[in-house]
Amino acid sequence: MKRFRTPNKIAPSEITPKDIYLNRRHFMQGGAALAAGLSATGAHALVQPEGGSATPSGPDWLERKVAAASTTAYGQSEKPAPYSAASTYNNFYEFGMSKSDPSRHAGDFTTDPWNVTIGGECEVKGTFALEDILKGVNLEERIYRLRCVEAWSMVIPWIGFSLSELIARFKPLSSAKYVEFITAERPKEMPGQRSVFSTIRWPYREGLRMDEATHPLTLMAVGMYGDVLPNQNGAPLRLVVPWKYGFKSIKSIVAINFTETMPETSWNQIAPHEYGFYANVNPDVDHPRWSQASERRLPGALFGSNRIDTQMFNGYAEEVASLYSGMDLRKWY
Ligand code: MTE
C-alpha cells in the first residue's frame with residue numbers, strides 16, 4: 001500500500017478522553033473569541049448534538065482531528081436539524097430501503113482500517129490509508145442544506161474539507177474531465193447488497209464534472225455535529241455537494257477515479273429519465289412523478305408539514321450558477 005508519508009504514530013498516553021479534549025477545545029474557542037473581539041464570522045463552538053454527545057466512534061486520531069475542526073461562516077444563519085433526526089432518517093440503500101434501516105443495520109460496518117484507491121487520469125495513483133488522505137488537511141465545520149430528490153430537506157453541520165484540496169494532491173492530467181466516486185461493496189456487512197429487491201447495481205457510484213468537483217463548496221466530509229460520521233451517514237468519508245440532489249453525495253467512499261468521459265452513476269443507471277447526471281436542485285424541473293417546487297424541511301412541525309419553497313441550486317446559485325451558463329437545465333437535469 002502506498003502512503004504519502006510515514007504516518008505519525010500516536011502514543012496511547014497522548015490520547016485524551018473525548019469529553020476532556022472537547023471541553024478543552026470549547027475553552028480555547030471561548031478564549032479565541034474574546035481575543036478576536038467576536039469578529040464577523042466569530043469563533044463559535046462546533047454544533048453539538050442536542051442533549052449530550054453523539055455516539056459514533058472512529059479511530060482516536062480521527063476523533064481528535066474532527067474535534068479540532070474550525071468553524072466558518074458557511075451557513076451560520078441556518079438552524080441545523082437535531083442530531084437524532086439526521087442520524088436516523090437516512091438513505092443508504094446498502095443497509096436497506098427504509099429510512100430507519102441504515103441506523104439499525106450499519107452499526108457493525110467496519111470503517112477502520114479504511115483505504116481509498118485513486119486511479120485513472122492522474123499522476124499520483126495507488127491505495128492510500130485514510131490517515132494519509134487526511135494528513136495535512138485542516139478540517140472545518142460547514143452548515144449546509146441537504147435537499148433530497150424525494151422532496152425533503154435537512155440542515156446538517158458537516159465537518160470536512162474542500163475536495164479540491166485532495167484532488168490537487170493526485171495531480172490530475174489535462175485529460176481528466178470528470179471524477180468518479182465508488183462506495184464500498186461488502187455484502188457480508190451490507191444487508192441491502194444481499195437483498196433480492198435491490199435495483200441498484202453495486203457498488204453505488206457517483207460522479208462530478210471536474211469544475212464541480214473542484215468548486216470550493218464541494219466538501220469531503222468525515223464528521224458531523226462535532227464528531228466523526230455515524231456509519232449510517234457515510235463513515236468514514238463521504239461527499240457533500242450542497243447544490244445537487246442528495247443522491248450525488250455518495251457515502252463511504254473507497255475509490256476515486258479521474259476519467260475522460262462522463263462516468264456511469266447509480267441512479268442514472270436505474271432510471272435515466274428520472275435521475276440525470278447533473279441532478280442540480282431545480283424547482284422549475286419536476287421529477288416525472290412529483291413536483292420539485294417545494295420541499296418538506298425536516299424535522300416536521302408538530303402541526304403541519306413544514307413545507308418551504310425549493311430554491312434554485314438549493315440556494316447556492318450565487319456561488320455555482322456560472323458553472324452551468326449556456327446549458328439547457330431541462331435537458332441536462
Ligand atoms: N451513498 C450511498 N453509497 N448509498 C446510498 O444509498 N443515498 C444518497 C446519498 N448517498 C446513498 C448515498 C441519498 S438518496 C441521499 S438523500 C443522501 O445520501 C442522504 O444522506 P444522509 O443519510 O446523510 O442524510
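What follows is a chat about the ligand site, an aromatic pair and some backbone details.

Reply: Ground rules: this is a predicted model, where local features need pLDDT of at least 70, side-chain atom pairs count only at pLDDT 80 or more, and totals for chains, interfaces and linings use all residues. Residues are numbered from 1 along each chain as its sequence is written, and side-chain values use heavy atoms, with hydrogens and water left out.

Me: How many residues surround the ligand, and which are the closest?

Reply: 17 residues surround the ligand, and N90, Y93, E94, R238 and K251 are the closest. Near means that a heavy atom of the residue lies within 4 Å.

Me: What is the shell like by class?

Reply: Eight nonpolar, six polar and three charged residues. Ala, Val, Leu, Ile, Met, Phe, Trp, Tyr, Cys and Pro count as nonpolar, Asp, Glu, Lys and Arg as charged, and the others, Gly among them, as polar.

Me: Which polar side-chain atom lies 2.8 Å from a ligand nitrogen?

Reply: One from E94. N233 has a polar side-chain atom 3.0 Å from an oxygen atom of the ligand. S249 uses a backbone N or O atom, 2.9 Å from a ligand nitrogen. A polar contact here is a pair of N or O atoms within 3.5 Å.

Me: How much of the ligand does the protein bury?

Reply: 99% of the 530 Å² that the ligand exposes when taken alone. Areas are Shrake-Rupley, with a 1.4 Å probe.

Me: New topic. How many aromatic pairs?

Reply: The count is 16, with ring centres of Phe, Tyr and Trp (its six-membered ring) within 6.5 Å; planes under 30 degrees apart are stacked, over 60 edge-to-face, the rest tilted. One of the pairs is F95 with F109, edge-to-face at 5.5 Å centre to centre and 80° between the planes.

Me: Where do F95 and F109 sit?

Reply: F95 is in the loop between α3 (83-86) and α4 (101-105), and F109 is in the loop between α4 and β2 (115-120). They are 14 residues apart. Helices (H or I, at least four residues) and strands (E, at least two) are DSSP runs, numbered from the N terminus.

Me: Which peptide bond has omega of about 5°?

Reply: The cis bond joining D112 and P113. P113 is in the loop between α4 and β2. L298 to P299 is also cis, with omega near -5°.

Methods:
A polar contact is a pair of N or O atoms within 3.5 Å; within protein, one must be able to donate a hydrogen and the other to accept it, and residues adjacent in sequence count only if both atoms are side-chain atoms.
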